[in-house]
Amino acid sequence: MKIAFIGAGAIGGLFGGLLHNSGHEVIFVEREHKIPKLILNGLKLEMPDWSTITVKATFKASLDDLKNLDLCVIAVKAYDTSSAARHIAKANLTCPVILLQNGLGVEEEAENVLNRAVARGVTNCGAMVEEIGIVKVKGIAKTLLGAKSEDLLNVCSEFADALKEAGLPAEVTKNIEGAVWTKAIINSSINPLGTLLNMRNGELLENEHTKTLMAMVAAESWKVALSLKIKLEVDDPIEEVFKVAKATYNNKNSMLMDILRGKRTEVDYINGAIWRVSAKGLTDAPLNRALYLMVKALESIKLKVSAKN
């Protein structure tokens, strides 16, 4: 396949890099200031087995002049979704688009720009950007892909096969909305608490107060999902939150890492989104609202400090 990845960060770098090295033609679109270093050194994936995989792909600042693409994958932070979709629209590309992102509501943002349906992917792989062009892979886990239309489901199936051949477990689901919400519930319970308290995922389990809070937030987010008649991918999201926190014991979650680096977080698309859509299900989400506001307050402080430096 000939695939354009918009974003060569943690997940984009991991997926695009392994796909390229398994024989697919991958073009990465990244911010202009990153391109020279990526072209010079390639993209390096530091794998969980301590090996390093170097990816010498094509790195560009736009999708201009690209033709015959089989697929575009958007793998940027949720708040950059519209910007990424504009890259595709500006280049007049008509190939299928898959969003490989965290959070709720990104499909609507992309579809509003592209004026067509997109597919969605949710991954449990863990990765983080060490510096430009270096991705530290924490763990390889399953990715779920899906879409509402049959045509896009077929594209998801082809992409899933390519991912599996590249060493990334993947499946197609007809309940991608449930998969997205399941991940959002987990993130809503772990990420803001870890961020506000500067704690690793597993440490949240060891403190009776934070463990209780995690369960309370998961229950509230679960209630919102049920009010919207969303069928989740797990029977008990609270137990799933505990399971994920234990499995990723030593990880600092991505929201915390963004705060520590003085960057914007994705809390608007996690706790903020759950709170905002709760009214559609005629319910409320005060815990999610409180966590959203606290993270936004901390984010604004860190962004001001980062801007001064």
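Started with Asn187: at 8% relative accessibility I count Asn187 as buried (buried is under 20% relative accessible area, with a 1.4 Å probe and protein chains only). This is a predicted model, where local features need pLDDT of at least 70, side-chain atom pairs count only at pLDDT 80 or more, and totals for chains, interfaces and linings use all residues. Residues are numbered from 1 along each chain as its sequence is written, and side-chain values use heavy atoms, with hydrogens and water left out.

I placed Asn187 in helix 6, residues 176–197 (helices are DSSP runs of H or I, at least four residues, and strands are E runs of at least two, numbered from the N terminus). Leaving out residues up to four places away in sequence, I found Asn187 touching Asn102, Pro192 and Ile270 (contact means heavy atoms within 4.5 Å).

Next I looked at helix 6 against helix 11, residues 271–278: they pack at about 120°, axes 9 Å apart (axes are lines fitted to C-alpha atoms over the stretch in contact, and angles run from 0 to 180 degrees between N-to-C directions). I therefore call helix 6 and helix 11 oblique to each other (under 35 degrees is roughly parallel, over 145 roughly antiparallel, 65 to 115 roughly perpendicular, the rest oblique). From helix 6, Trp181, Ala184, Ser188 and Pro192 make the contact, and from helix 11, Asn271, Ile274 and Val277.

Then I zoomed out. I get 12 helices and 12 strands in the protein chain. Buried residues make up 51% of its 309 residues. Its C-alpha atoms fill a box of roughly 50 × 45 × 35 Å along the principal axes.

Key: Buried < 20%, exposed > 50% of the residue type's maximum accessible area, 1.4 Å probe, protein only.
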